Each structure stands twice: as C-alpha cells, then as structure tokens.
Amino acid sequence: MSHSVIVIGGGPAGLQAAATLGNFGFDVTLVEQHDYLGGAVAKHQYQVLMPDFSSGPALVERLVGSVKNNAHVKILTNTTVGTVEEVGDGYQVQLEGPKPQQMVAQAVVLATGFDHFDPTRDGKYGYGLFPDVITGAELEEMFAKGPIRRPSNGEVPQSVAFIYCVGSRDRQVGNTYCSRVCCAVSAKQSIEIREQLPKARISMFYMDVRTYGLWEDTLYWRSQEESGVVYVKGRIAEVTQKNGQPVLKGEDTLVRGPFEWPFDLVVLAAGMEPSQGTRTLSQKFHIDLEPHGFVQQAEPMKNASLTSRPGVFVAGSASGPKAIEDAIAEGDVASLAVMQYLKTKVVV
Amino acid sequence: MAKGSGIIERSLLEDDQIMEEENLVMDGIDISGRWNTMLKTRVHSQRDLDSWDEVRASAIGESIDNCIQCGMCTAGCTVAQEIPAFNPRQFIYWVRVGRKDDLIKNADVIWRCVGCYICTNHCPKEVNTAEVIESIGQWLRTQVPEKMDPAYRANHEAYRHQLETYGRLSLPRLQAEFLSKLGRQKELFGPDLRQAAVKMLKDGRAIKTLLIGRPRHWNRSRFVLTDSARA
Ligand SMILES: Cc1cc2nc3c(=O)[nH]c(=O)nc-3n(C[C@H](O)[C@H](O)[C@H](O)COP(=O)(O)OP(=O)(O)OC[C@H]3O[C@@H](n4cnc5c(N)ncnc54)[C@H](O)[C@@H]3O)c2cc1C
Ligand code: SF4
Ligand code: SF4
Ligand code: SF4
C-alpha cells in the first residue's frame, strides 16, 4: 500500500522534503500558498546566496525541477490548508485553492517557514518614514533589479550603513532570540555593494557579530580585509533625518560616547519571525510551539523534525531561524523521519 | 599645547596617565622634543564587586543584570550629549567589573542624571536604566559623599527627610529644609519667597499645606520607604 504524505510550504525545506519523499516512492502532495515555489529565496529574488556566493535563481530552479520532474509529487500552488481532522491512520485535510479537495495523509511535513520582521513595528528606525531606510530583503530585490541607488533621489549612495538586530534580541518588540543569519547575510551584502561601489563608505552597527562557525573568515573577515567595511560596536537607538539624509544615533561603545552619523542609504538587518502559516497550522495540527512561537522540536537530539505529535514533522525555519543550507538539510531529515514512522506503521 | 595632544584617541586617557617632560634625558640620551610624551600603563588589578551586590539588591537596581552593553541608553541620554564623562552604559559596566576607582573618579557627574527616562525607554533588554543609575548614585553617595555637589546633597537629604517624616512633600517645608541645610536660611525671607508666601496665605494654600498632615497610619507604613529604598 502506498502512503500519502502532505508537505506544506514550498520553500527550500519543503521542496527538498517533497523531492526526497517522492524519490522514496511515497505519494507526496506539496502545498504552497503562493503562485510560485522557492519560498523567501524566490519572493525576494535573492541573487547571490550566503555563505558561498552561489546563485539564488539557480538554486530555486534546481529545487523546483526536483519536484516538477518527480512522478510521485503532486504540486498544488495557490493552495492553503482548511480544516484538519484526525482520522484512523492519519489526518484528513481540506485543501483550499483553485481546485478544492480533501485528502487523507498518513504523515504531514510542516515547512511553512518564516516572515521577515516588519520594521514599521519599531518606530525608532524611521522605516516607512525615510525613503533611504530599507530592509535587507529590499536590498536583495534592489540587487535583482539593477544597480544600487538611493530610493529618495535615484543617486548613487556614497555611504551605506547596516543596522544589525532589527526586530531581534529586543524585549521591546517581543523577540528575544537571535535571527542567526542576518549578520552573515549583511556581511555578504556589504561585499556585494563594495563590488558595485568601490568608493562608498560602508559601516556595520552591531552588538555582537555572529558569523558563526565557518563564516567568521569567509564573510566577516573578508568584508573587512577585502571590502574595507568598518564595524562599529553599538546598537542604534534612533534614526532621524537631516538635509535629506538618514542620521544614525548611537553610542560607539568601544571609544565611548554618543554619535550622530549621516548616511545616504541605511539597510536594516530585519530578523526572522515564525510565519503566519507556521502559527495557524501548528494550531490546526495541535502541535506545541516553543516559547518564541516557532514549532517546538520534541526531540532534537534524536531527529530535528519530530514535533509533539506523531505523524506531524517540521522542517526548515518553521522551527527557528536558520540558513538555507540547514533548511534543505532538514528537508531530508524530515523525509527520513517520515519513512521510519510509516515503516513501523506498516509492520504494526 | 594641551597635554598629550598628539595622542590618537586622547579621550580614552586620563590626564594622570600621561607623562610629559620639557627636557628628558634617558640613559644619557637627550630625548627632549617630540619623544617626550610617555604613558603610564594602567593595569587594573583591584576589583571591588560590592557595588554590584548592593545595586542588584536594591529595589531600583535589580535590573542591572539584564544589561547587554549595547549603548542605546547613552546614545539617547540627555546628559551624555552635554557631559562626556556621564555615560550610563559605562557606569553599569564599571559596576559589573568592579572598577570602583573609575566610578569614584566620575562620581561627581553621576548625580547629574535628570531623570528623563529616555534610556529606560530605549533599552532592548528591559533594564530600568534611569533607576539603575540612581541606584549606583546612591551607592556612591555612601562611598564618597564629599564628591557630591553640596546643593545636590542638601536637596537629596531634604527630600528624603521630608518624605520619611511627613509621608508627603510640601514645597515650602522642602524649600526651608533645603536652604537651611546649605546655610542659606536668609533666602527664605528674601523678596521672592516673601511675595510667594503672602500670595499663598491669601489664597489659602499655606493653611491647607500645613493642615494636610500625614497619610493615615504613616508611622506604621513609613517602613516601605525606609526599608525598601535603602535595601
Ligand atoms: C534578508 C534575508 C536574506 C537571506 N539570505 C540568505 C542567504 O543568502 N543564505 C541563506 O542560507 N539564508 C538566507 N536567508 C535565510 C533563508 O531565507 C531561509 O533559511 C530559508 O528561506 C528558509 O527556508 P524555509 O523553506 O524553511 O522557509 P521559507 O523560505 O519561508 O518558505 C516557506 C514557504 O511556505 C509557504 N507557506 C507558509 N505558510 C503556508 C500555508 N499556510 N500554506 C501553504 N504554504 C505556506 C510560504 O509561502 C513559503 O513559500 C535570508 C534571510 C533573510 C531574512
Ligand atoms: S544574526 Fe546578527 S544581526 Fe541577526 S539577530 Fe543575530 S546578532 Fe543580530
Ligand atoms: S540600553 Fe540597556 S542593555 Fe543597552 S547598554 Fe543601556 S542598559 Fe545596557
Ligand atoms: S534618565 Fe538620566 S541616564 Fe537616563 S537618559 Fe535621562 S539623563 Fe540619561
């Protein structure tokens, strides 16, 4: 008997899980709410990926190809999950979209990913107020569209600032965790900006630089040594505007004392939050969330994809901020867990 | 030329760390002129962590352990813009690493906090920075009261005494105590205050103020102030 598995979310994690489960021979239904696949990478058109500067579009093409050319994977875009009911050997799921339908899945993989923190929720950075204050995701979109320009007047920026930890590590906005990739993504972006703008002054305003593991020298050091980027230790308290330029107010905690520093372009390294889909689907499947609102990994020391309910698995940034490579790896980890789970079911 | 003016990041050094000699001969070699500036090394070897324990134990200082040293408090601080030595982040740091000598050196400015709470409102870690600074100031007052500007001290003591004794603040009484602590009683009868007193007598405020008395059961509840604020 062939088991059917539903994978919810068509980002890197979900695509990988669907492809691998299809290769194992399961009947896989991949459900994606948007009309495109590829998750955040496709949404913001990441061109060059951290950490290895590989191509974003090529990654999406490969991942999407691996599910499209897979006879066992049925792809439903523009589709979301309606009601969910526990039935004999799995879950009966109502799918809402262009072709509403009902299916029974013996196992479920949640790969519903993250949302970017919306900096309008934190007024101090002037986002939405000053046109030259943009988010890291918007910078990615800018890279995709053409050369870097100041949104306010279309001019080439002479100075660029990155503000770290926007929407992360901050009790005032309610997110007390670190989003893990934004330090490294910002370093990558600074290196890209340097390639375009040999003369621009590029400054990073940080509390700690968390380019963990192998990214220390390949991204952090490289941005300093090869791209001449300066790191200033101090969290920005406020962005104002003077003479048409955003002005950063902070304390340089290494030489001590407050500063005011104008820039042509300011990039907010906005963090990651559990996506709306992650929130609603965890309710529908009655799985536990951890204290920050991501899906709780029930036994991370055993398998990263186990949730508080048997038969429901999680992969990618739905269970916490992480990089694409980890999201993809977890797609496979979840596939393995699903296979083990369904095998024991057959025996019993 | 100002002392040590050729030093990069001069602001990080204290005057007493810089040695400058007009004429300097070392080992028989005359090195007067551009080589005449030298720095005393400053190895910190005496940590005094009592301040940390006291601040953390006080009702207003307990959030000190939340601090992550991000600098947002100093960035927005009203006083730090004007007085470079006033740096709330750094006061917290000094307390936590036991740099009592630095705290004492800068004690005269810590009481300049104007209580605007901008720091507290900025802090991403929910440190009640304004009150932690007040708590550090309180501790320093016990250590080096002589460094406190006499007017600040008189003001502080008058507030405290008035509150503890009467359970309320009455402006005339406060003013009287404050001025007499400074030996400026005469000003109480100066033209300005006399005029104000006459006005207050006329519109009845003076009588009201004097008759209002203490809060109910003040003798029993005053410990709230004396114990918790001092703890
Ligand atoms: C500015 C920025 C730049 C980044 N750049 C890099 C980088 O260069 N390198 C790197 O390694 N990482 C990078 N990251 C992190 C990277 O985006 C994530 O690791 C990756 O997207 C996680 O993949 P995912 O599949 O878990 O989630 P997502 O990419 O968020 O995909 C989740 C998918 O699920 C869908 N979905 C959600 N809810 C539902 C629902 N209810 N029904 C159906 N579908 C649903 C969504 O539409 C989405 O397509 C970056 C992050 C940011 C913030
Ligand atoms: S990864 Fe860096 S920028 Fe992002 S939240 Fe963590 S410390 Fe802040
Ligand atoms: S803003 Fe808060 S966390 Fe940051 S240095 Fe000041 S007290 Fe510490
Ligand atoms: S309350 Fe004091 S320490 Fe805080 S910002 Fe105002 S003046 Fe500075």
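These are my notebook entries on a predicted model, taken one spot at a time.

**Ground rules**

I count residues from 1 along each chain as its sequence is written, with chains lettered from A and ligands numbered from 1 in the order in which they are written. Local features need pLDDT of at least 70, side-chain atom pairs count only at pLDDT 80 or more, totals for chains, interfaces and linings use all residues, and side-chain values use heavy atoms, with hydrogens and water left out.

**Entry 1: the open sheet in chain A**

I started with a sheet of 5 strands in chain A, which is open, has parallel pairing and runs in the order E5-E2-E1-E9-E20. Strands (E, at least two residues) and helices (H or I, at least four) are DSSP runs numbered from the N terminus. Two strands pair if DSSP finds at least two bridges between them.

Which strands sit at the edges? They are E5 (73-76) and E20 (312-314) of chain A, and each pairs on one side only. From one strand to the next, the twist averages 20°.

I then zoomed in on E1 (residues 4-8) and E2 (residues 27-31) of chain A, parallel strands joined by 5 bridges. Here Ile6(A) stands opposite Thr29(A) in E2(A). Helix H1 (residues 12-24) of chain A packs on the sheet and touches E1, E2, E5 and E9 (107-110). Contact means heavy atoms within 4.5 Å. The direction of H1 makes about 165° with that of E2(A). Axes are lines fitted to C-alpha atoms, for helices over the stretch in contact, and angles run from 0 to 180 degrees between N-to-C directions.

**Entry 2**

Next I looked up E16 (residues 245-251) and E17 (residues 258-262) of chain A, which pair in the antiparallel sense over 5 bridges. Lys249(A) has Glu260(A) in E17(A) as its bridge partner. The two strands form a hairpin with 6 residues between them, and Arg256(A) in the turn has a positive phi of about 60°.

Where is Pro51(A)? I found Pro51(A) in the loop between E3 (48-49) and E4 (54-55) of chain A. A cis peptide bond joins Met50(A) to Pro51(A), with omega about 0°. Phe53(A) lies in the loop between E3 and E4 too, and its phi is near 60°, a positive value in a residue other than glycine.

**Entry 3: around ligand 2**

I checked who surrounds ligand 2, and the list includes Tyr164(A), Cys165(A), Cys178(A), Asp208(A) and Arg210(A). A residue is near a molecule if one of its heavy atoms lies within 4 Å of it. E12 (159-166) and H5 (182-196) of chain A are the elements giving two or more residues to this shell.

**Entry 4: chain B**

For ligand 3, I counted 13 residues around it, of which Cys67(B), Cys70(B), Gly71(B), Cys73(B) and Cys123(B) come nearest. H2 (72-76) and H3 of chain B each give two or more residues to the shell.

How do H3 and H7 of chain B cross? The axes of H3 (residues 88-97) and H7 (residues 129-143) come within 10 Å and cross at roughly 55°. That makes H3(B) oblique to H7(B), since angles under 35 degrees count as roughly parallel, over 145 as roughly antiparallel, 65 to 115 as roughly perpendicular and the rest as oblique. Among the residues that meet, I noted Phe91(B) and Val95(B) in H3(B), and Val132(B) and Ile136(B) in H7(B).
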